[in-house]
Amino acid sequence: MTVRLRQVPQNAIRTRSTTRLDDFLAENTLPTPFVVVDLDIVADRYRKLADALACADIFYAIKANPAPQILELLVELGSSFDVASPAEIDMVLAAGADPTRISYGNTVKKRVDIEYAYDKGVRLFAFDCDSELDKLVQSAPGATLFCRVMTDGGGADWPLSRKFGCGPEMAMHLLTRATEKEHPVGVSFHVGSQQRDPEAWNAALERVGRVFDHLRSLDVTPALVNIGGGFPGHYNNEVPAVETYARAINTALHRWLGDDLPRVIAEPGRYMCADAGVMQSEVVLVSRRSLEDDCRWVYLDAGVYTGLTESLGESIKFRITTPHDGGPTGRVCLAGPTCDSADIMYEHADYQMPLALEAGDRVTILSTGSYTTTYSTVGFNGFPALRDYYLPRTAV
Ligand SMILES: *Cc1c(COP(=O)(O)O)cnc(C)c1O
């Protein structure tokens, strides 16, 4: 739901964005857990990336946060969209986007879903193997098809390797086949989500360059290169500025694909909303496992099943603030409220929290605008799904 806010004074000393989220948390005692997202920050993120990566069309990967408020904002700003299912296509169209601005980037699609997308006007599809290409040739005639090549996911905190992509030689074979069926063709890759190394795109684009050289040797002009997502949010580590990523990518694009670039597509997900949102959660219990245990167990009313799913394997380490910050701290294990021992966020990562922390305290989990709301289960153990609120854009 979108909420109304009282006017924030223009001369506020803190940054406007911080003020809006802080004010919302200070003024509301809404039931926890919930996420609140500042749409001004989302707009700012979109503009920053679009400016820095001026050679690329931005396709927001909506799985990061598909709230209608975000989709409508991005439609207004001129974004395009990466989707993975018919339901996501419907959401993007409902937000007012033209179907020509949609890319069906999932390499694993039912035939009926391809037909649905094509019927709605979608003309951009991903694939990475012969049998998926067969489906597309039959059900999406004339559509632009891009082949996803594998990356190793090195440097990423949430790798998307293994499950997707093929080697460059196989891509050459598949794209040649697609060309023979009169499809415009391209190549895509994803360097892994929360990619902390801006140079990761360089190795991937070297592979794309080899595939493009092969296509050109057959007199085929590649229609597009899709450089995927991977741009970071701010968790426990500092990350390079998006401009640093853009510089590395621009350099690599020209190094491996030449001066005459095809259409370039980027698919940011996490970057667009992560830092625009914060999660509010309540401490349910603080305990110790034994009298000698030096690690306190802190149980929150949010957990692995309520939006903090990316803490699995302690991959994404969220920053957390408490009302007692500044006081003495001690090591904690952090867990969710359900009766499942997989519902532990951090046990081995060295999380420190104030010794004064107690049941009833509200804690704030930062950079939780992406990959939280839709990762929440529907009533596991009877706990409500994560609620979400969106602070409307201030007039510009
Ligand atoms: C998830 C996904 C993205 C977005 O990745 P981020 O790391 O969140 O930027 C982009 N493209 C595809 C195909 C994806 O599956």
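## Ligand site and backbone features

A polar side-chain atom of Ser193 sits 2.5 Å from an oxygen atom of the ligand. The model is predicted. The protein covers 92% of the 390 Å² of accessible area that the ligand has on its own.

| Residue | Protein atom | Ligand atom | Distance |
|---|---|---|---|
| Ser193 | polar, side chain | oxygen | 2.5 Å |

Which residues come nearest to the ligand? They are Lys63, Ser193, Glu267, Arg270 and Tyr371, out of 13 residues around the ligand. By class, the shell holds five charged, five polar and three nonpolar residues. The space that the ligand takes is the second largest pocket.

Next, the annotated domain. An unreviewed UniProt entry carries the annotation "domain: Orn/DAP/Arg decarboxylase 2 N-terminal" for residues 42-274. This span is 43% helix and 17% strand. The C-alpha atoms at the ends of residues 42-274 are 9 Å apart.

Two backbone features deserve a look. Most peptide bonds are trans, and most residues other than glycine have a negative phi. The peptide bond from Thr32 to Pro33 is cis, with omega near 0°. Pro33 is in the loop between α1 (16-27) and β1 (34-38). Glu314 has a positive phi, near 55°, and is not a glycine. Where is Glu314? Glu314 lies in the loop between β13 (296-300) and β14 (320-321).

Key. Residues numbered from 1 in each chain as written. Predicted model: local features only at pLDDT ≥ 70, side-chain atom pairs only at ≥ 80, totals over all residues. Heavy atoms only, no water. Near = heavy atom within 4 Å. Polar contact = N/O pair within 3.5 Å; in protein donor to acceptor, adjacent residues only side chain to side chain. Areas by Shrake-Rupley, 256 points an atom, 1.4 Å probe, with all protein chains shown as cover. 1 Å grid on protein atoms, 1.4 Å probe; cavity = no way out; pocket = protein on both sides within 12 Å on 5 of 7 lines; lining within 4 Å. Sits in = over half its atoms within 2 Å of the grid points. Nonpolar A, V, L, I, M, F, W, Y, C, P; charged D, E, K, R; others polar. UniProt positions renumbered as here; feature names shortened; annotations may be inferred. Helix = DSSP H or I, 4+ residues; strand = E, 2+ residues; numbered from the N terminus.
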